[in-house]
Amino acid sequence: MSRYFVTLSYDGTRYHGWQIQPNGDSVQARLQEALSTLLRAAVGVTGAGRTDTGVHARMMVAHFDWEGDAIDCQQLAYKLNRLLPYDIAVSKVEPVSDDKHARFSATSRMYRYYIHTVKDPFLKAYSCEIHYPLDFAKMNEAAGILMTYEDFGAFCKSGADVKTTLCEVTKAEWVQTSPTTWYFEIRANRFLRNMVRAVVGTLIEVGRGRLSLDDFRKVIEGKQRSDAGESMPGNALFLEDVVYSL
């Protein structure tokens, strides 16, 4: 049995997230179907994470196990790109050790949430349009507070099936890319379901002056999703990076 990593990117607009769904199309299902077709055997794939409906990935990693002859990775990547739909692209396929796991071996993941403050038809699909003034300096102060906590139950989707709400956030900041465009970047060892979109929604409440920094701390310490801000639209969220130890 040999294990292979597949590194891919996708536009999540048309999909009900990464994970296979009973009543909706998913990226995992498309990749699994394409691999099974090309290798002429049933192939299951495991991803580094579970992006939600409409969320995109500039980098996702998945693994699959193969009992047959050694795979020509470059050729398989080429054929996958010919077979997969236009909004899913494979950058590489590579053999890895049997104990390397796409999800559990990842040491960190990084997301970015994009916003713009002036109407722009070319940003609408991949960025969230905000029409009210925001205090980004205050939002960055609040973002820094995230790195002083480890329990983020306040930002976990209600009813989510998780064993723990502990995460180690190692980076959280707002970055301005033009006079009217920003993104929020957050890196952690793991993320809870809906966590980034809930964090962004709560930081925006700080930026609007509806929550003070002390209020923000109380939201985190209270561990209640109902106390945090709204979940922001998924179309502006990108999984940007997944890191593995050597």
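Which residues lie nearest the centre of the largest pocket? The legends below take this up first. The model is predicted, so local features need pLDDT of at least 70 and side-chain atom pairs count only at pLDDT 80 or more, while totals for chains, interfaces and linings use all residues. Numbering starts from 1 along each chain as its sequence is written, and side-chain values use heavy atoms, with hydrogens and water left out.

**View 1. The largest pocket and its lining.** Gly-49, Arg-50, Arg-103, Phe-191 and Arg-193 lie nearest the centre, among 36 lining residues. A pocket here is an open set of points on a 1 Å grid over the protein atoms alone, where a 1.4 Å probe fits, with protein on both sides within 12 Å along at least five of seven lines; lining residues have an atom within 4 Å of a point. The volume is about 1,100 Å³, taken as the space filled by probe spheres set on the points, which are joined across faces, edges and corners. Strand E2 (46-47), strand E5 (106-116) and helix H4 (195-207) each supply at least two lining residues; helices (H or I, at least four residues) and strands (E, at least two) are DSSP runs numbered from the N terminus.

**View 2. The second largest pocket.** This pocket holds about 180 Å³ of space. Helix H1 (27-39) and helix H2 (73-83) each bring at least two residues to its lining, and H2 gives the most, with three. Look for Leu-38, Trp-66, Asp-72 and Lys-79 among the lining residues.

View 3. A nonpolar core is a set of buried Ala, Val, Leu, Ile, Met, Phe, Trp, Tyr and Cys residues joined through side-chain atoms within 4.5 Å; buried means under 20% relative accessible area (1.4 Å probe, protein chains only). Not counting residues up to four places away in sequence, Phe-155 touches several partners, including Leu-146, Met-195, Phe-216 and Ile-220, where contact means heavy atoms within 4.5 Å.

**View 4. Gln-28 in helix H1.** Gln-28 lies in helix H1 and counts as buried because its relative accessibility is 11%. Beyond its neighbours within four places in sequence, Gln-28 is in contact with Trp-18, Gln-19, Ile-20 and Val-45.

**View 5. The E7–E8 hairpin.** Strand E7 (residues 169-178) pairs with strand E8 (residues 181-188) in the antiparallel sense over eight bridges; pairing needs at least two DSSP bridges. Two residues sit between the strands of this hairpin, and Trp-174 stands opposite Phe-184 in E8.

Definitions and conventions
Buried < 20%, exposed > 50% of the residue type's maximum accessible area, 1.4 Å probe, protein only.
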